[in-house]
Structures are given as structure tokens and as C-alpha cells.
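This briefing concerns the spaces inside a protein model and the surroundings of its ligand. Please keep the sequence and the structure in view while reading.

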Amino acid sequence: MNDTAVRVRDLRKRYGDVDAVNGVDLDIHRGEVFALLGPNGAGKSTTIEILEGHRRRTGGEVSVLGTDPGRPTRKWRGRLGIVPQTSNEQPELSVREIVAHFAGYYPRPRNVDEVIEAVGLTDKAGARLAHLSGGQRRRVDVALGIIGDPELLFLDEPTTGFDPDARRRFWRLIEGLAHGGTTILLTTHYLDEAEALADRVGVIAGGRVVEVGSPLELGGRATATARVGWLGPEGRQVLETDSPTQVVAELSQKFDGEVPELTVTRPTLEDVYLTMIGETR
Ligand SMILES: Nc1ncnc2c1ncn2[C@@H]1O[C@H](COP(=O)(O)OP(=O)(O)OP(=O)(O)O)[C@@H](O)[C@H]1O
């Protein structure tokens, strides 16, 4: 089997006179968690919706699990899981009813109660959607995305509105799915989320992919100038250096062991991301 889950070449989408997607190239490998980052209006949702077969493209080539999403089949759709950016399911249904209803769309769905448990809604399984909080409704969206046991899962800003505990639970759920071999494409505005979950991230701005890399390497992070900090006799010291290991070794000798309050930092994912986005403006 081909090890590419998603292949995109020169993808274009024009709305009137707006080039929302303007020549995107993307390769997502099977089993990979790939995060698409980018400012509001960058073209992330448009790209994802085209890959899902929910939006027609203006130009370019796209293959998703070996199929052109412009010519979707029922069988192909059954292999995908989708958590759209916004959804409005029937508010009068209970959590269990809606999840069971969606299970009926798929040839080999996961167990309804296990999925409800996985998204942390067991004690709300009998509650109507209308009576859930915003974050709980979002968890239902995630449950509907995974009930079909998809090969490829699309998550468009999945944790918006989640409290910190729910986000961590969601991260564990995604890690578990990825571990089980599910390919995952997510968009997020939370850089800690991308860093925690993604094998690779792609930064999209102005309808184009600006850079693709692992969260640790993006924008030259791994080799960027480091800041070494410590507490010296005259107070807090900070030194910018391209050879932090050497600086730490020298400090260790100077202090004859532990260096007080030692820190070594490099730019965060947010730092390099904001620089990249700034350069495209
Ligand atoms: N149905 C539409 N009709 C016209 N223009 C649209 C439509 N959908 C999106 N656009 C425009 O296309 C561009 C890309 O929008 P898109 O929703 O793909 O961005 P995004 O990266 O997902 O943004 P966000 O982070 O805010 O969700 C924007 O300029 C938006 O205004």
C-alpha cells in the first residue's frame, strides 16, 4: 500500500476575486499527525474542506487515500473521519443517540459507549445536546469524527472551547489514535497543541505553504542562538550563544559542579511561527 495518505500539488481555490488557496503543495504520510498552522483567513479550512470532498477546487491535483476528493465515493467517505470547524447537530438528541446515529453511517464503527468514554462524556451520555456546554458540544463533534474508526481523521480547530483538563484528555485520545495507526490532519491556533501532537507542522499564510518541518526544527529552532541563564555572584546573568554546551561546560567548571538556577532556552514554536507569519505580511 502507498505510504502517502494525502498528496496535494499546486492546489488553488478562488472565491470571486479572492485567492483563498494559491498554490499549496502538501504530502502527508500514513500514520503521521500533521498540523496545519496559519493566521485567520490563511486558507487552512478551505484546504481541509477540499481534501474532505466538501468543497470544489479551482485548480491543482489532490489525492486523499488514493482518491480524488473531487470525485468522492461512499466507500471512500467511510474511511474518513471529519471534525469540522463548526457543526450544528440536532439539539433534541442525546449524546448517545447522536453518536449511535452516526455509527450507522459506517461499515465498521467503534463501540458507541467506548467513544463517549474516550471523549469524557460518559456522565452526559443521556443529556440532550441542547443542554451541553460549548466545550462539551465540541467533544461530541470529536466523538462523531472518530466513531467510524477512520483511516484518516480531519480535525479543524478541535479543542476550541475546551478547558485545560479536557484539552489534555483530548491530546491523549489523539496520541492513542495515532499510536493505532490513524493518520491525522489538524488545524489549530494553539502552538502548544501542535507541539504536543504533531510529527510535522506546515505553516500556511496567504494561501501558500511557507514551511514544513517537525515542531522542534521549524524555522531553524533547533540550531537557533540559545540563551544560557544562571545566577552568578552579581545576580542573574544571561548570555546569547551558538555553542551553549560549551558555555554550560565552562560554567560547570567555574562553579565546580551545579550551576545555580541554570536555564538554556531557544526560540519557542510561537517565536518562530510569529517571525514566519510576520515575514509574509
Ligand atoms: N465561502 C466563501 N466565500 C468567499 N470567501 C471565502 C469563503 N470561505 C472562505 N473565504 C475566504 O477565503 C480565505 C481563506 O479562508 P479560510 O476559512 O480557509 O481560512 P482559515 O485559515 O481556515 O482561517 P481561520 O483560522 O480563521 O479559520 C479568507 O479570506 C476567507 O474570507
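A cavity is a set of grid points where a 1.4 Å probe fits but cannot get out, and its lining residues have an atom within 4 Å of such a point. The structure discussed here is a predicted model.

**Domains**

- The domain assignment divides the protein into domain 1, residues 4-217, and domain 2, residues 225-265.
- A distance of 43 Å separates the C-alpha centres of domain 1 and domain 2.

**The largest cavity**

- One cavity of 30 Å³ or more is present in the structure.
- The volume of the largest cavity is about 60 Å³.
- Its lining consists of Ala 118, Val 119, Arg 139, Val 142, Phe 162, Ala 166, Arg 169, Phe 170 and Leu 173.
- Two helices, α5 (134-146) and α6 (164-179), each contribute at least two residues to the lining of the largest cavity.
- Helix α6 provides the largest share of this lining, with four residues.
- By class, the lining of the largest cavity comprises seven nonpolar residues, two charged residues and no polar residues.

**The largest pocket**

- The largest pocket has a volume of about 630 Å³.
- Its lining is made up of 24 residues, and those nearest the centre of the pocket are Arg 77, Gly 78, Arg 79, Leu 80 and Tyr 106.
- Two or more lining residues come from each of α2 (74-77), β5 (80-83) and α5.
- The lining of the largest pocket includes nine nonpolar, six polar and nine charged residues.

**The ligand site**

- There are 14 residues around the ligand, and Gly 41, Lys 44, Ser 45, Thr 46 and His 189 come nearest.
- Helix α1, residues 44-52, supplies the largest share of the shell around the ligand, namely three residues.
- The shell around the ligand contains four nonpolar, seven polar and three charged residues.
- Which kinds of protein atom lie at 2.8 Å and at 3.1 Å from an oxygen atom of the ligand? At 2.8 Å there is a backbone N or O atom of Gly 41, and at 3.1 Å there is a polar backbone atom of Ala 42.
- The side chain of Thr 46 also takes part, with an N or O atom 2.6 Å from an oxygen atom of the ligand.
- On its own the ligand has 640 Å² of accessible area, of which the protein covers 63%.

Methods:
Residues numbered from 1 in each chain as written. Predicted model: local features only at pLDDT ≥ 70, side-chain atom pairs only at ≥ 80, totals over all residues. Heavy atoms only, no water. Domains from an automatic or database assignment. 1 Å grid on protein atoms, 1.4 Å probe; cavity = no way out; pocket = protein on both sides within 12 Å on 5 of 7 lines; lining within 4 Å. Points joined across faces, edges and corners; volume = space filled by probe spheres on them. Nonpolar A, V, L, I, M, F, W, Y, C, P; charged D, E, K, R; others polar. Near = heavy atom within 4 Å. Polar contact = N/O pair within 3.5 Å; in protein donor to acceptor, adjacent residues only side chain to side chain. Areas by Shrake-Rupley, 256 points an atom, 1.4 Å probe, with all protein chains shown as cover.
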